[in-house]
Amino acid sequence: MTETARSAKPSFYDRLKLATKHRLAEPILALLCFLEAMIIPVFPEIMLAPMIIADRMRAWRLAAICTIASVSGGLAGYAIGYFLFDTVGRGIIEFYGAADGFETLRQSFNQNGPFMILVGAISPIPYKVITITSGVAGLDIWTFVVYGIIGRALRYFVPCGLFYFFGPVASEFIERHKKWAGVSMIVLVVVGFAMAPLLFPKGETGDLTPNHAEIEDINPEG
């Protein structure tokens, strides 16, 4: 009896897959993508993958939802960096271990902003550091939006496409290895979070003052 109850106990992946069938699953996924781009350390793929495996016909819709929500959250992160860096943004940057090299990171945005956005939008490093730094650096808003859309679309449409075409195979594999699938999802979050201080450049911390807010030193004599 004990063995039967123990074997019937749903795994982390089973519980997650069951949750993806909830009527509010898509709004919750959109909220996760929005918040992931501006503040919280989470990978929406943890929820996205089981949703597509459960119904791969909605793969493209889910990819579009994730992309739009993430770009919108990125704009919120940009606003935090541009308007609220001292009160909100500084704490987020420090939380993700990017404060030590923040001045160097900001200079990288000034020199090659589009590339930095693409790297941040596609890679597993915390995207909120990229969005906030874009605002602090005063990066052109249209450059930020366009490259953010490209990067986030690649981030979500490519894996969604793979799940769409290879969903049955992936589903069969995961069903046979539910325990490791759940563990892998948790590890992905931890690794992505830990990569932030490793990937951001080290350099002078500086005073972490937004570029657009810097006061010019005006010399009356020229």
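The structure is a predicted model, in which local features need pLDDT of at least 70 and side-chain atom pairs count only at pLDDT 80 or more, whereas totals for chains, interfaces and linings use all residues. Residues are numbered from 1 along each chain as its sequence is written, and side-chain values use heavy atoms, with hydrogens and water left out.

The confidence of the predictor in each residue is expressed as pLDDT, on a scale from 0 to 100. For the protein chain the mean pLDDT is 77, and 66% of the residues reach 70 or more. Helices are DSSP runs (H or I, at least four residues) numbered from the N terminus. Confidence is lowest in helix α1 (residues 2-8), with a mean of 50, and highest in helix α5 (residues 59-83), where the mean is 95. The pLDDT is below 50 over residues 1-5, a stretch that has zero contacts in the model beyond near neighbours in sequence, a contact being defined by heavy atoms within 4.5 Å. Over residues 213-222 the pLDDT is likewise below 50, and this stretch has two contacts beyond near neighbours in sequence. Where pLDDT is low, the predicted coordinates should not be read in detail.

Just after α6, Gly 97 takes a positive phi of about 75°.

Ser 134 has its place in helix α8 and is buried, with a relative accessible area of 0%. A polar atom of the Ser 134 side chain lies 2.8 Å from the backbone oxygen of Ile 130. Leu 139 is found in the loop between α8 (127-136) and α9 (141-176), and this residue is also buried, at a relative accessible area of 12%. When neighbours within four places in sequence are left aside, Leu 139 is in contact with Tyr 78, Phe 109, Gly 113, Ile 117, Ser 134 and Phe 144. With residues up to four places away in sequence not counted, Ser 134 touches Tyr 78, Phe 109, Ile 117, Leu 139 and Phe 144. The C-alpha atoms of Leu 139 and Arg 106 are separated by 9.8 Å, the two residues being 33 residues apart along the chain.

Side chains of opposite charge can pair when their charged atoms come close. A salt bridge is taken as a side-chain nitrogen of Lys or Arg within 4 Å of a carboxyl oxygen of Asp or Glu, and a search of the whole structure finds six salt bridges. In one of these, Arg 58 pairs with Glu 26, with the closest N and O atoms 3.7 Å apart. Arg 58 lies in the loop between α4 (45-54) and α5 and Glu 26 in helix α3 (residues 25-36), so the pair ties together parts that are 32 residues apart in sequence. Arg 58 counts as buried, at 12% relative accessibility, and a network of salt bridges links Glu 26, Arg 58 and Arg 61. Arg 152 forms a salt bridge with Glu 36, with the closest N and O atoms 3.0 Å apart; this pair links distant parts of the chain, Arg 152 being in helix α9 and Glu 36 in helix α3, 116 residues apart. Both Arg 152 and Glu 36 are buried. The side chains of Arg 155 and Glu 45 meet in a salt bridge at 2.6 Å, N to O, which links helix α9 with helix α4 across 110 residues, and both residues are buried.

With a disulfide defined as a pair of cysteine sulfur atoms within 2.5 Å, the count comes to zero disulfides. Cys 66 is in no disulfide, the nearest cysteine sulfur, that of Cys 33, being 3.5 Å away. Cys 160 is in no disulfide either, and the nearest cysteine sulfur, that of Cys 66, is 6.1 Å away. Cys 66 is buried, with a relative accessible area of 0%, and Cys 160 is buried, with a relative accessible area of 0%.

How values were computed: Helices (H or I, at least four residues) and strands (E, at least two) are DSSP runs, numbered from the N terminus. Buried means under 20% relative accessible area, exposed over 50%, partly exposed in between (1.4 Å probe, protein chains only). A polar contact is a pair of N or O atoms within 3.5 Å; within protein, one must be able to donate a hydrogen and the other to accept it, and residues adjacent in sequence count only if both atoms are side-chain atoms.
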